[in-house]
Amino acid sequence: MTVPWEELVSAALVGADRRGVPPESLLEQAAEQVVRTRAGRRPGRGGPPAPAAAETLPLVPGAAADRLARMLGGEQGRLLTEWLETAAARRVRVPAELIPGLLDLGARDRSIRAYLGAVTGARGRWLAGLNSAWAYLLAEPAHVPPDEVWQLGTSGDRRAFLAALRRRDPAAARDLLARGWGAETPEDRTVFVTILADGLGMADEPFLEAVLDDRRREVRQAAADLLTRLPESRLARRMTARVRRFVTRRGAGVRAEPPAACDAAMERDGVRARPPAGMETRGWWLQQVVAHTPLSFWPGHLGMPPDEIAGARIGEWEREVRMGWTRAAILQRDTTWARALFGAEPLTDLLAVLPPEEQSQRAAELVAGHPVDGQMVMMLGGVPRPWGLRLAKAVLKKIVETTRTQPWNAGELVRLAGERFDPAMHTRVVEVPELAAILRFRFDMLEELA
């Protein structure tokens with residue numbers, strides 16, 4: 001009798017001895033299950049499954065496929081996401097023999113799933129229908145589909161269609177969504193709401209306000225996040241009325257007092273009652289109310305510009321209020337507040353709000369003035385590739401300096417630079433052989449895909 005995979009995992013976690021299962025037997029059964037899973041689902045009595053649909057995309061060039069196979073085998077595996085992203089943009093598909101390995105990887109790494117939907121082609125979707133571990137692929141778009149896919153397409157195709165329609169005609173996308181809202185799954189409702197961020201305006205406010213009555217918390221939260229970007233929305237006015245009582249001016253500083261309770265009206269507006277582990281409950285409520293208050297409210301309310309507010313003393317609830325402002329700056333894509341808050345605490349998410357050139361400049365300044373540590377690497381990880389020349393020069397200088405004095409501390413920065421530098425720089429970084437090798441690998445990889 002075949003033991004379900006979930007029971008095998010449970011036995012392994014609890015301990016084979018405690019479950020009365022010989023360890024060698026547990027491993028044998030696990031190996032058997034893996035083989036069964038990779039082979040796909042056993043056909044039922046009704047006959048074999050229908051064949052996969054015909055492919056519509058060309059195969060990647062042979063050299064690119066060979067490199068992908070090596071990467072799946074462990075060579076420069078951190079560059080796999082860039083390979084997949086580039087291949088998806090080129091509208092090419094991978095050879096069939098590499099699809100199972102990619103789908104196994106996508107089952108563990110959500111970040112690559114959108115690319116897999118494009119590069120595995122019709123064969124990938126066919127396999128996803130035969131193996132429940134790969135079924136996630138059916139929620140990813142292959143490419144922007146034709147109009148009729150809204151009624152007949154997979155979840156991923158419908159999301160792609162709505163996003164494309166939103167870019168072309170925001171009102172038409174919103175109206176299409178509103179007409180069938182009640183029939184959508186909670187997962188799709190959440191994603192569909194986030195798609196409305198593209199071209200968001202007050203014309204969307206009535207629909208989003210109604211979505212706050214959705215029975216699923218994730219859907220309400222997504223709607224609240226968008227309404228926060230509309231200072232004239234009803235939610236923004238309600239949050240402003242709340243926070244006016246909770247955060248006030250006190251001398252040269254700020255005084256904060258969290259809500260005494262999280263009532264039903266606050267929960268409707270996206271405030272989660274239960275805090276994350278380790279966080280004080282009332283402080284969690286305060287942070288969320290601040291995060292969903294329009295940033296334009298604060299200068300007039302506190303009588304200070306954003307840069308002074310960012311550096312003001314707040315007292316007992318300082319961390320919660322600052323985290324709320326940080327979340328607000330990210331949600332509202334407010335560069336003035338992101339700049340002020342980044343000066344007080346250089347967080348990656350704040351850096352991402354700034355224009356690309358400023359991101360590079362501020363990151364370069366931080367690199368020049370700080371030693372290599374986890375905070376620096378995390379901050380740089382938020383700057384998308386390719387890094388500007390100024391940042392690349394600052395990072396290269398820091399790598400050379402650190403390699404001379406603390407070589408054990410330079411490895412992660414070297415690898416990150418290899419992923420984010422312009423790969424054409426491989427001939428200009430010969431003083432750091434590992435970095436040059438990564439850049440040359442990327443240079444050849446992109447040439448093959450071109």
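Predicted model: local features only at pLDDT ≥ 70, side-chain atom pairs only at ≥ 80, totals over all residues.
Helix H5, which spans residues 99–108, has as its buried residues Ile99, Pro100, Leu102, Leu103, Asp104 and Gly106. These buried residues of H5 pack against several other helices, namely helix H2 (23–39), helix H3 (62–72), helix H4 (80–90), helix H6 (113–119) and helix H7 (121–128).

A further case of packing involves helix H9 (residues 155–168) and helix H11 (residues 186–195), whose axes come within 10 Å and cross at roughly 20 degrees. Because angles under 35 degrees count as roughly parallel, H9 is described as roughly parallel to H11, and the crossing in which H9 passes H11 is right-handed. On the side of H9, the residues that take part are Ser155, Arg158, Arg159, Leu162, Ala163 and Arg166, and they meet Glu187, Asp188, Val191, Phe192 and Ile195 in H11. The residues of this contact of H9 with H11 divide into five nonpolar, one polar and five charged.

The largest nonpolar core of the model has 95 residues, and those with the most contacts inside it are Trp298, Trp325, Leu380, Val395, Phe421 and Leu435. Helix H24 (residues 389–405) gives the most to this core, with seven residues. When neighbours within four places in sequence are left aside, Trp325 is in contact with Val290, Leu295, Trp298, Leu302, Ile309, Ile314, Trp337 and Leu341. A second, separate core of 30 residues includes Val94, Ile112, Tyr136 and Ile438.

Leu341, one of the residues in contact with Trp325, has its place in helix H20 (residues 335–344). With a relative accessible area of 5%, Leu341 is buried, because the cut-off for a buried residue is under 20%. Residues up to four places away in sequence not being counted, Leu341 touches Ala310, Trp325, Thr326, Ala329 and Leu350. The C-alpha atoms of Leu341 and Glu218, by contrast, are separated by 27 Å, and these two residues lie 123 residues apart along the chain.

Pro306 is found in helix H18 (residues 306–311) and is likewise buried, its relative accessible area being 14%. With residues up to four places away in sequence not counted, Pro306 touches Pro299, Thr336, Trp337 and Ala340. Between Pro306 and Ser296, which are ten residues apart in sequence, the distance from C-alpha to C-alpha is 9.4 Å. Gln287, which is found in helix H16 (residues 281–291), counts as buried at 11% relative accessibility. Under the condition that residues up to four places away in sequence are not counted, Gln287 touches Met279, Glu320, Met323 and Gly324.

Several features of the backbone occur in loops. The peptide bond from Arg385 to Pro386 is cis, with omega near -10 degrees, and Pro386 has its place in the loop between helix H23 (374–381) and H24. Gln76, in the loop between H3 and H4, has a positive phi of about 50 degrees although it is not a glycine, and at 27% relative accessibility Gln76 counts as partly exposed. Arg333, found in the loop between helix H19 (318–332) and H20, has a phi near 50 degrees, which is a positive value in a residue other than glycine. At 45% relative accessibility, Arg333 counts as partly exposed.

Technical notes: Residues numbered from 1 in each chain as written. Heavy atoms only, no water. Buried < 20%, exposed > 50% of the residue type's maximum accessible area, 1.4 Å probe, protein only. Helix = DSSP H or I, 4+ residues; strand = E, 2+ residues; numbered from the N terminus. Contact = heavy atoms within 4.5 Å. Axes fitted to C-alpha atoms, helices over the stretch in contact; angles between N-to-C directions. Parallel < 35°, antiparallel > 145°, perpendicular 65-115°, else oblique. Left-handed = near helix turned anticlockwise from the far one by under 90°. Nonpolar A, V, L, I, M, F, W, Y, C, P; charged D, E, K, R; others polar. Core = buried A, V, L, I, M, F, W, Y, C linked by side-chain atoms within 4.5 Å.
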